[in-house]
Amino acid sequence: IDKKLYEFNVKIANTFLKRLVGLMFKKDANIPLLFEIPKSKNRIRSSIHSCFMRFEIVIVFIGFDNKIFEIVTLKPWQYYAPKKPAQYIIEFEKKEFKKYNLEVKDIVMII
């Protein structure tokens with residue numbers, strides 16, 4: 001079985017304010033932003049918006065089993081709620097996301 005292994009640095013948004021602001025008002029985001037989501041059965045707590053964004057973002061939703069279960073692209077001023085609650089969410093600037101070959105069902109280790 002071929003396994004992909006990628007290691008990359010992220011900024012961490014682990015407070016309400018950091019999660020609220022995310023990448024808003026930034027000119028670019030060459031480092032992905034990792035959201036640690038408080039545990040909840042409510043998928044709306046894992047929702048993302050791109051209000052006040054200056055660029056397209058790719059959102060990677062990671063479940064409680066550390067598997068990517070959804071990847072979506074948002075243009076500025078959009079809203080998205082995933083199919084189920086996420087444990088982690090990673091926001092990438094679209095052009096930066098292309099560097100990684102992340103796919104649904106990949107396992108992500110957060111260390």
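Is F69 buried or exposed? F69 counts as buried, at 14% relative accessibility; buried means under 20% relative accessible area, exposed over 50%, and partly exposed in between, with a 1.4 Å probe and protein chains only. This is a predicted model, in which local features need pLDDT of at least 70 and side-chain atom pairs count only at pLDDT 80 or more, while totals for chains, interfaces and linings use all residues. Residues are numbered from 1 along each chain as its sequence is written, and side-chain values use heavy atoms, with hydrogens and water left out.

**Confidence**
- The protein averages a pLDDT of 81, and 77% of the residues score at least 70; pLDDT is the predictor's confidence in each residue, from 0 to 100.
- Strand β5 (residues 68–74) has the highest confidence, at 95, and helix α1 (residues 16–21) the lowest, at a mean of 64.
- Helices (H or I, at least four residues) and strands (E, at least two) are DSSP runs, numbered from the N terminus.
- Where pLDDT is low, the predicted coordinates should not be read in detail.

**Nonpolar cores**
- The largest nonpolar core has 15 residues, and F35, I48, I57, I59, F61 and I89 have the most contacts inside it.
- Two or more residues of this core come from each of β2 (33–36), β4 and β5.
- Another core, of twelve residues, lies apart from it and includes L34, I90, F92 and Y100.
- A nonpolar core is a set of buried Ala, Val, Leu, Ile, Met, Phe, Trp, Tyr and Cys residues joined through side-chain atoms within 4.5 Å.

**Aromatic residues**
- The structure holds five aromatic pairs; rings of Phe, Tyr and Trp (its six-membered ring) pair if their centres lie within 6.5 Å, and planes under 30 degrees apart count as stacked, over 60 as edge-to-face and the rest as tilted.
- The F61 and F69 pair is tilted because the ring planes are at 35°, with the centres 6.0 Å apart.
- F61 is buried, with a relative accessible area of 0%.
- F92 and F97 form an edge-to-face pair, since their planes are at 70°, with ring centres 5.2 Å apart; F92 and F97 are buried.
- One aromatic cluster is formed by F61, F69 and Y80.
- K84 lies over the face of F69, at 4.8 Å from the ring centre; the criterion is NZ of Lys or CZ of Arg within 6 Å of the ring centre and within 35 degrees of the ring normal.

**Positive phi**
- F52, in the loop between β3 (48–49) and β4 (57–62), has phi near 65° and is partly exposed, at 41% relative accessible area.
- K105, in the segment after α2 (94–97), has phi near 85° and is exposed, at 68% relative accessibility.
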